[in-house]
Amino acid sequence: MASIWVGHRGTVRDYPDFSPSVDAEAIQKAIRGIGTDEKMLISILTERSNAQRQLIVKEYQAAYGKELKDDLKGDLSGHFEHLMVALVTPPAVFDAKQLKKSMKGAGTNEDALIEILTTRTSRQMKDISQAYYTVYKKSLGDDISSETSGDFRKALLTLADVRRDESLKVDEHLAKQDAQILYKAGENRWGTDEDKFTEILCLRSFPQLKLTFDEYRNISQKDIVDSIKGELSGHFEDLLLAIVNCVRNTPAFLAERLHRALKGIGTDEFTLNRIMVSRSEIDLLDIRTEFKKHYGYSLYSAIKSDTSGDYEITLLKICGGDD
């Protein structure tokens, strides 16, 4: 059974001669010794797939009566610690925790909410919602409701509700119809009918939307992006633009997020860790390609110039190579 968390364009693969007990023991030695053997931890955890890391976690718990993540937290610190803990966390739980962090405390990290809810498949979202409830005893929808508002809230809830069509079949008649509805809801009236945008952009399949956006251009002589920018505003606008960008090219959308996380003063480690870890077995190779294409330098070199120490070494191993 193929995991819904594994694609064909990842940088991290199953380790061929895998033995969870050998790895668990090596990790325990690396943590327990005088001074931590970070090199050993990095080489084991970055060269195993998440499914394999979960078996190491089980083995570690059985052999030493401790949670591996707790021992990592006790022994490491800073961004490096966050990254290593992320690597041993099941993907759905990791995303659930990222969503919670985005909504916790003062202010909401809308960008992170948008990124997770627009790039995960329906099946992944189902897993994330379950994990969220298991960990926090609250539904994801309830937290989104209390932390956001207006059309932005409505659209996020529609995405979290996992009602997007996942079929690959496209319906040309429907695309024309939807394009017409979008045109009438925006460009072709006073004021905008936001609900229509939410309905179509949050419920139709990606291939269907691709065709709809082509039809939209035929009718309105405008790109849907320009219409959204002209008609809508705030986080709701950001969310719909993210959907359009993901429909057209998800790896390019994520490459742009990484570029933003790495450029300028200071690094946005929250975003950097999330994308590197969550896409490492799905499409990180494609993200690397898009990064190089759009910015003229490699993701590898951007990470190298922006991070340091064990944190840098780990990220570069996940990145998997220079372009």
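This is a predicted model: local features need pLDDT of at least 70, side-chain atom pairs count only at pLDDT 80 or more; totals for chains, interfaces and linings use all residues.
Residues are numbered from 1 along each chain as its sequence is written, and side-chain values use heavy atoms, with hydrogens and water left out.

By these classes, the lining of the largest pocket has 13 nonpolar, 10 polar and 8 charged residues. A pocket is an open set of points on a 1 Å grid over the protein atoms alone, where a 1.4 Å probe fits and protein lies on both sides within 12 Å along at least five of seven lines, and its lining residues have an atom within 4 Å of a point. Of its 31 lining residues, Thr119, Arg120, Thr121, Glu166 and Phe206 are the closest to the centre. At least two lining residues are supplied by each of helix 7 (110-119), helix 8 (122-136), helix 13 (206-220) and helix 15, where helices are DSSP runs (H or I, at least four residues) numbered from the N terminus.

The second largest pocket holds about 450 Å³ of space. Its lining consists of 28 residues, with Trp5, Val6, Asn50, Pro91 and Glu281 nearest the centre, and two or more lining residues come from each of helix 3 (50-64), helix 6 (91-103) and helix 16.

Attention now turns to buried residues, meaning those under 20% relative accessible area with a 1.4 Å probe and protein chains only. In helix 18 (residues 299-306), these are Leu299, Ala302 and Ile303. They lie on the same side of helix 18, because they cover an arc of only 95° around the axis, the arc being that of the directions from the helix axis to the C-beta atoms. The buried residues of helix 18 pack against helix 15 (234-262), helix 16 (269-278), helix 17 (284-295) and helix 19 (309-319), with contact meaning heavy atoms within 4.5 Å.

Asp178, placed in helix 11 (residues 172-185), is also buried, with a relative accessible area of 1%. Apart from its neighbours within four places in sequence, Asp178 is in contact with Ile200, Arg204 and Thr212.

How values were computed. Buried means under 20% relative accessible area, exposed over 50%, partly exposed in between (1.4 Å probe, protein chains only). Ala, Val, Leu, Ile, Met, Phe, Trp, Tyr, Cys and Pro count as nonpolar, Asp, Glu, Lys and Arg as charged, and the others, Gly among them, as polar. Grid points are joined across faces, edges and corners, and a volume is the space filled by probe spheres set on the points.
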